[in-house]
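This briefing covers helix packing and the nonpolar core of one structure. Please have the sequence and the 3D view at hand.

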Amino acid sequence: MRHALALLENVIIPPMIRLREPQGENDAISDVAAAVLDTLEASAIRERVYPGMTVAVGVGSRGVANLPVIVRSVIDWLHGKGAKPFIIPAMGSHGGVDAASQKSLLAEYGVTEERMDCPVRSSMDAVHLASLSDDLEVFCDPYAAEADGIFVINKIKPHNAFRAANESGIVKMLAIGLGKQKGAASCHKYGFERIAERLASVAGYMMQHQNDRGARSVLGGLALVENRNHATCRIEAVPVEDMFARDAALLELAWEKMARLPVDRLDGLILDEMGKNISGSGMDPNVLGRYTVPFLRGGPVINKIAVLRLTPESEGNAIGMGLADCISRRLYDAIDFENVYANALTSTVLFGSRTPCTLPSDRDVVRAVVRTCNGGGPDAIRLIRARSTLHLDILDASPALVPELLEKGWVAQGEATPMDFDAEGNLSGIASLRDA
């Protein structure tokens, strides 16, 4: 490593200017709990919940804004109808490959038995419900399979590896989230080129599945859409018969609301963090313009991408790190490769499990990006530093980019200053507007 680091010693990192995105329409929901209760009460689901009914409420691994408030509001509403709800992790193989890890991940999100006032039942076992065509198997969480009703809560967003009417959302959660590792593997068996049709078949079967009373066990789902600032802007209770249509319609809205980089071309991008709570690929390929599969295109052109940390919520799963060119040693040291490889093997996509160039400190990583991005000197390089692909409301930009950003309405928060590395050569994180 000594010879490699010697090549970075004289690299000049440009000073950076912090900028805040222009203030747009404020469409965030102010009273999330009330919005959840209102949409549930106005939906057809209301007539299908009866006293004593056991309801499995599926909660996933994605970073969802206001998740504890949303889940508790659903539980309170079900309690108010006399039902007996309980929570299950509905995250396929994410959050760890064992039941305790998935329950622990929900707890890190604030979803615990104490806070939700109901049991949290976690299992990595899967009940085999049916064999469909083309070697397609339908699996279901054992607790959900025994419940009178199933209700899922999930954010609707563009998927990072396939395009279809239904991508990441409440439909996918029925097929892959509830199916655990076995269900996820079955849907992924022929890769992402065919996953949309297989996912739809499994979800369609789940929607028709009957409980012991002869009624459809899936009640529906709570669909959530977030704006570019990671704030909840749409909450909709969707009965089972409308899940395909409303999931697809809300996906179009999610595309409109998605966070994006403000420029189409960068020499270098530094991300403070990546993780499963940010994107299924740790970093959203739709933001980066880089994908783990060969048949997706679109997005900005970025010469070099580096990441400095892995979020604790990822439980060591750094899947998607292969999208980066360079990572820090502290990110590498946080990786649980068993978790990464389980995710990669289940999805059949190995690209994201590749390990990028790993350097000792953040300073070394930034220098490596500057040295190899072919962007010219400090005055010419087009460099951005951001918290993550989910938090793009506050950015640090090199001087060459600032005029373009100012013209687009971005607001400078001060003068250009050197990156502030500590004694170990590491940076503190950038907070988003929601956390600042």
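**Helix packing and core**

Helix 2 and helix 3 lie oblique to each other. The model is a predicted one.

Helix 2 with helix 3
- The axes of helix 2 (residues 32–42) and helix 3 (residues 67–80) cross at roughly 40° and come within 9 Å.
- The crossing of helix 2 past helix 3 is right-handed.
- Helix 2 contributes Val32, Ala33, Val36, Leu37, Leu40 and Glu41 to the contact, and helix 3 contributes Val69, Ile70, Ser73, Val74 and Trp77.
- By class, the residues of this contact are 9 nonpolar, 1 polar and 1 charged.

Helix 7 with helix 8
- Helix 7 (residues 170–177) packs against helix 8 (residues 180–187) at about 110°, and their axes are 8 Å apart.
- Angles of 65 to 115 degrees count as roughly perpendicular, and helix 7 and helix 8 are therefore placed in that class.
- On the helix 7 side, the contact involves Ala175, Ile176 and Gly177; on the helix 8 side, Lys180, Gly183, Ala184 and Cys187.
- The residues of this contact divide into 4 nonpolar, 2 polar and 1 charged.

Nonpolar core
- The largest nonpolar core has 46 residues, and Ile150, Val152, Leu174, Leu178 and Met243 touch the most other members.
- Leaving aside residues up to four places away in sequence, Val152 touches Gly58, Ile170, Met173, Leu174, Leu178, Gly220, Gly221, Leu222 and Met243.

Definitions and conventions: Residues are numbered from 1 along each chain as its sequence is written. This is a predicted model: local features need pLDDT of at least 70, side-chain atom pairs count only at pLDDT 80 or more; totals for chains, interfaces and linings use all residues. Side-chain values use heavy atoms; hydrogens and water are left out. A nonpolar core is a set of buried Ala, Val, Leu, Ile, Met, Phe, Trp, Tyr and Cys residues joined through side-chain atoms within 4.5 Å. Buried means under 20% relative accessible area, exposed over 50%, partly exposed in between (1.4 Å probe, protein chains only). Contact means heavy atoms within 4.5 Å. Axes are lines fitted to C-alpha atoms, for helices over the stretch in contact, and angles run from 0 to 180 degrees between N-to-C directions. Helices (H or I, at least four residues) and strands (E, at least two) are DSSP runs, numbered from the N terminus. Angles under 35 degrees count as roughly parallel, over 145 as roughly antiparallel, 65 to 115 as roughly perpendicular and the rest as oblique. A crossing is left-handed if the near helix is turned anticlockwise from the far one by less than a right angle, and right-handed if clockwise. Ala, Val, Leu, Ile, Met, Phe, Trp, Tyr, Cys and Pro count as nonpolar, Asp, Glu, Lys and Arg as charged, and the others, Gly among them, as polar.
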